[in-house]
Each structure stands twice: as C-alpha cells, then as structure tokens.
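Please walk me through this model, chain by chain.

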Amino acid sequence: MDNILLLIEAPFLSVQAILDGIIIGALFSLAAYGMALVWGVMRIINIAQGEFVILGGYVAYFLYEAGIHPMFGIPVAGVVLFVVGYGLYKVVIYRVVDKDLFISLLATFGLSILIQQLMNIMFGADVQIAEAGFGTSFMFDYNVTIPHIRIVTFIVSAFLGALLVIYIKRSRLGQAIRATAQNARAARVMGIDTDHVYAMTFSLNAAICGATGALVAMTFAIHPYIGLPYTIRSFMIVIMAGLGNLPGVIAAGTGIGVAEQFADYIFGAEFRMAFIFLLLVAFLVWRGRMLARKREVLK
Amino acid sequence: MRIFNIGIVLLSGIFLACSSIAFAKVTGDTITLGAAVSLTGKYSTNGKHTKNGYELAKNKLNAAGGVKVGGKSYKLDIIYYDDESTPARAAQLAERLIKQDGVKFMLGPYSSGLTKAIAPVTEKYKIPMVEANGASRSLFTKGYRYMFAILTSADQYLASAVDLAAAAAEAKGKSASSLKVAMIFENDPFSQDVRLGVVEAYKNHGMKAVVDDKLPKNIDDMSASLAKVKATRPDILIVSGHSKGAATAIRQISQMRVDVPMLAMTHCDSAGYKEKFGDAAEYTLCAAQWHKSLSYSDSLFGSAADYAVTFKGVYNYDPPYQAAESSAALQVWKDAFERAQSFDTDKLRDALAVTKMQTFYGNISFDSTGKNLGKPMVLFQVLDGKYKVVSPPKWASTKLVHPRPKWSER
C-alpha cells in the first residue's frame, strides 16, 4: 500500500518505470523474435536461448578486456554466435528437427546445461561487465535518470529488429525460410533445400542472441548461470504474441518490460516473476475466451 | 571349482580389508580429513579459494612437523570431492566420505547452503566438522553438536555499518533515531540473515526503514528499488546479494546517480569491485571476515600480512577471506588433535568445543551453538581505489569518509 502511495506522490517514479520498461522490453523482444523464428520454422523451442545471449555477452566482455569498445561486440558477437549456432545445428539440432517436440526440448535443455558448464570452466564463475562509458541523462531535477547505454540498447534493438523483418520479407533466404515455415514438405518439392534453411534459421537466431548478449553485458551484468531469465522471458513473449507476429512480439516485450517495473514498485521485486506469470495466465484465459466466442460465431 | 570359489571370496575379502585400511581415518603416520568443495558450478570461484586455503595450510603444517599425538608426528591428508555447487550432491558426498572412505574428521564446503546440506549428515554419524565458509544464522539454531564454524555469522556482516552511521550522526549532534534506512536484499538464506542483523541494529537505535526490498535470486536489475531509494532519501543504503548483487548495485547506483550518505554492501571483493568499477565504487563500505592488514598472528603463518605473502607466492593472487578462513580451519583441527591427544571423535568434539586460540585469521573460540565468538567483522571503505579498514576502531587504518560526496560534486 505504501508503495502505491509513493507512486502517486512521486509521479516521476512512474515515468522512470515506463522508460526503463520500454527499453528493457526492446531487449527482450529481440531475443524473443529469434526464438519465435526457430519455433515457427523448425518447431523447436530453444531452451538454450538464454545461454546464447550470455555467450554473446562474453564476446563483448572479452573485446572490452582487450581494450576494444564493447559496442563492436554487437556485430562481432553476432558473427561468432552465427558460427556457433551453425556448428550446433550440424552436430545436434539437425537430428531433432522433425522429431517430437519433447525430444528437441530435451536436446536444447542439454545444450543449455553444457554451455553453462563450459562457460563456467572457461571463463570462471565471476560476474563480468563491459563498460560502454556513455554517461547518463537526467530529467525532472535528477529524479528521472536515463543511462545512455539504455537508449543505445533501444535503438540498436529496434534497428536489428527492423533489419531482420526486411531480410525475412525480401531476401531469397528469407523467402525460403517463410516457405519452409508454411509447409516444409511443399517447400522441398519446390526445390528449396530445407536442411540449409533450417541451418540458417538456427544460426540466425544464435546471431540475434549474440547481439542481444553484447547489449546485456553493457546494460546489466553477465555470468555463466544467468541465462535462464532470458529464456523464460523470450518464451513468455512468444506465447503471448504468437508465432510470426512481429508487432505482437514488440508489444508483448515492452508490455512485459513495463509490467515488470511496476510490479517491482508495487509488490517488490521478489514477486516480479510471479506477477508476470499471473499476467500470462490471465492473458491466455482471456484469449481462450475470445477464440471460443469467434468459434461460436462461425457455427 | 568349489575351492576356486572359496578362493575368490577369500581374495575379495582380503582386498576389502586392505581397502578399508587404506582409507581409514588414521593410517601409518597420516591423518585423513575429508571435504566436499565446489570445483565446478556457480560457486567454483570461491570453491577454489576454499581448496587453496586448505591445501596451503595442509602443506605448511606438514612441513612444520605435522600433528603430534601421543608422542608421534602425523601428516595431514585431505580427500576432496567436487560437489558441483549443489546441496544434494554435497550431502551424498559427505555420506560417501564418511561411509566409504572412512573419514572421521570433516572440513566444510563453500557456502551456507552446502554446509546446511552436509551438517545433518555429519551430525547423524557423529563426525566432527570444522567449517570455514557457512555463515548462515540458521546453521546455529538447529542444535548441531559436531559442527564448528570459525567465521562470524551472517547476521553480524553489516550490523556494524548501522552502528557506524549512528555514531556519525551523533557526532554531528543529530539523534541516531532520526536516521532512515533503506535495505535491498536478495531473497536467499545468506542475504536474509544479513538483513536480520541489520534490522536488529537499526531497531536498537530507534531508526526507521523506508525501503525494504527482497530481490529474486537471479538479480539482473534493481532499478525499481533504487528509484524508490531516490524518492525516499534514506541516510543509509544497505545492499546484499552475493557477487552479482554487488556488481548490479554499484553499476546502477552510479548510472542512476543515487545519492546516499552511506552505502554498505557484502561481496565487494568477490565481485571484483574496485578493479572493475573504478570511480563508481569509491566510498562504498564493504563487509569482510578478514583482511591482511589486521594485527592477528600465529606461529605457523606469522601475521595476517605474512599469510598474504605466502599465499600469493604459491597461488599468485591476493588471498580473499574465503581462503584465509579455510586455512585457519586446519589450524583449528591441529590444535584440537594435540589437545585431545586422541583420534576418538567424541573426545575431539569436546576438545574442539573448548578451543581458544589466536590464528592469523583472528581469535577463535566457539559458543555452545558452534559459532566463533572471538572475532568481529571488519568494514572497509573503498578510498582512492583501495580497501581501507574503517571499523572496528581498533584496526581502523583510516577515518571513515562520511557522508559520501554527491555524484554531482565528484
């Protein structure tokens, strides 16, 4: 109750929450879009999504340690993770593409544990950050702060998102990806090398995660075991938005981001995840009802 | 054929007997201790510090003539297993150490959570354990008789910061009860224990809490809590959430320009605080079990500073307190063996219970619950990129800078 009063007494807190939420939401949307891509095209729910993100974060971190500005980490992590993704596809994922969903869940879950442990052995269990050193802006007499890195994050996320959409719409590979998503068998009949499409889709997703991870290393902190929240959030955003629905992904991403911030204020951060899941359940029930109503009209 | 079968049975019997002799608690001139430590998993960094601490003290003790019991010198040996940073595995390994390897003298794992998993096992088999890395208060409320902790319990970590703020207020002619406290703690047993100690301390001074947030275990963002801190303008901000909590807090406090007169935390050094954050870390107060500048000493390692030099010579990095306290655990065992003059676990337990000694790590004496009462926590302040001891006053190498300068004035 006190917390709600505080929000009303200090309106700038709401401004801060909304700004933070939108910016964080943009970051989640990006990872979620990659997940939706893999899910839609290959029918694989990638549990290792969060680990790809953290791996990308480490790329940015190592550049930073080597004296290179971590912003370069965004493209470099993208490329590195693209290669990693391609390798993983050739070793593991291609074996589970047309299999039961349960098998691919297990396979990617195994991958996520493997990557965590490898990161732990190779990079150590310490918390790492990459400092971009961009400074901070202030509004309302220092009451609302916007670290510039968050603005950069927002812009880069939006830019990458847009780039991806155009790529999927216009490019030859993008068209092949969409055709495979619609009907893999028909696409194969039409001469599309679906195996290649799958490999590219999975690698593309890894690359997106890598770029996201570089941003995470600059805005938050990374260590080998913090991938799971990114997987969970991506998963929730995709469930809310549905597959192949980019505006939906963006709306759900920022929506969840803002809701999280307000939940933090009102209930305290310990109930953040509980609140978000509650929201998810409420949303699914509501959508189920809407669909049921639609079906009745059709009858 | 029958003879052959009997032969096999006999042979395996002999092997079995030999193997149990080979692994028993004391064989020949070797005393074997056992420890499950986290060599992989999320605690692997601190697990490694723990093992290094044990190893250093073991080698040093053996080189100095070992442990003398009944006129004979014994060397120490330690069996390690990797508990993978998971409590279930740690408990399994404790069973294995005791039942299969026949270990009768245990050393603790790293972290409160894993110690909590192991203590019921050692208790069940009545095996004494000297642990150096489990500080959680709940370890000392279960009536364990065979567990001895040489570190200060978690509720003492930051209570002294509150006292420090009260003293600073009174020195300026303000009453301590006018101060406002903000608390941001991770929702895990250790951090919540730290919080309990802080709550007790601020209530003693009649202060008021304005923010009291619990954060989820996977902390990656505390901006909402920090915005609340900005809005309520407390006099003290206290944060605890292991390394990632410390790293997240310091980053976001500087990004959001949160101005508080006093900021106190745990896990600054394991978060690599002053190295990674530079100016952003300045003026932060950090709680620690031990520091090399303290004036404790013993005959094995010399002073705390000597220990640091020895450790660095072997492992090539400055010893964090996790390593120091682990080394001290072996010194406590040696002391107990020599006072008990026996390898009987119950006699050893009684000898441990009346331990009263000084080590380079601090004074050690256990109360009836098994926690060390001999040693206070120390508080550092990060000043010019260095950790300076500011509390307790006896060891303060420099004066507390209070209040912290505002961000706009730095």
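Chain A holds 12 helices and two strands. Helices here are DSSP runs of H or I with at least four residues, strands are runs of E with at least two, and both are numbered from the N terminus. Read from the N terminus, the order in chain A is α-α-α-α-α-β-β-α-α-α-α-α-α-α. The radius of gyration of chain A is 20 Å, close to the 19 Å that the globule rule gives for 299 residues, so chain A is as compact as a globular protein of that length. That radius is taken over C-alpha atoms, and the globule rule is 2.2 Å times the number of residues to the power 0.38.

This is a predicted model: local features need pLDDT of at least 70, side-chain atom pairs count only at pLDDT 80 or more, and totals for chains, interfaces and linings use all residues. Residues are numbered from 1 along each chain as its sequence is written, chains are lettered from A and ligands numbered from 1 in the order in which they are written, and side-chain values use heavy atoms, with hydrogens and water left out.

Along the principal axes, the C-alpha atoms of chain A fill a box of roughly 65 × 60 × 35 Å. Of its 299 residues, 54% count as buried. Buried means under 20% relative accessible area, exposed means over 50%, and partly exposed lies in between (1.4 Å probe, protein chains only). Look also at the contacts, meaning heavy atoms within 4.5 Å. Among contacts in chain A with a separation of 6 or more, 76% come from residues 24 or more positions apart.

Now the interface. There, 33 residues of chain B are in contact with 41 residues of chain A. The size of an interface is often given as the accessible area lost when the parts come together. Between chain B and chain A, the buried area is about 3200 Å², and carbon and sulfur atoms give 52% of it. This is the accessible area (1.4 Å probe) that two parts lose on being put together, summed over both. On the chain B side, Asp220(B), Arg251(B) and Gln255(B) lose the most area to chain A, together 22% of what that side buries.

A salt bridge puts a side-chain nitrogen of Lys or Arg within 4 Å of a carboxyl oxygen of Asp or Glu. Asp221(B) pairs with Arg150(A) in a salt bridge, at 3.9 Å from N to O. Several elements give two or more residues to the chain B side, including helix H2 (44-63), strand S9 (208-215) and helix H8 (242-255) of chain B. H7(B) provides the largest share, seven residues.

Finally, turn to the backbone of chain B. A cis peptide bond joins Ser391(B) and Pro392(B), with omega about 0°. Pro392(B) sits in the segment after strand S18 (386-391) of chain B. The bond from His402(B) to Pro403(B) is also cis, with omega near -5°. Pro403(B) lies in the segment after S18 of chain B as well.

Two non-glycine residues deserve a look. Ser85(B) has a positive phi of about 60°. It is found in the loop between strand S4 (72-82) and helix H3 (87-100) of chain B. Ser85(B) is buried, with a relative accessible area of 5%. Asn316(B) has a positive phi of about 65°. Its loop runs between helix H10 (304-315) and helix H11 (321-340) of chain B. Asn316(B) is exposed, with a relative accessible area of 65%.
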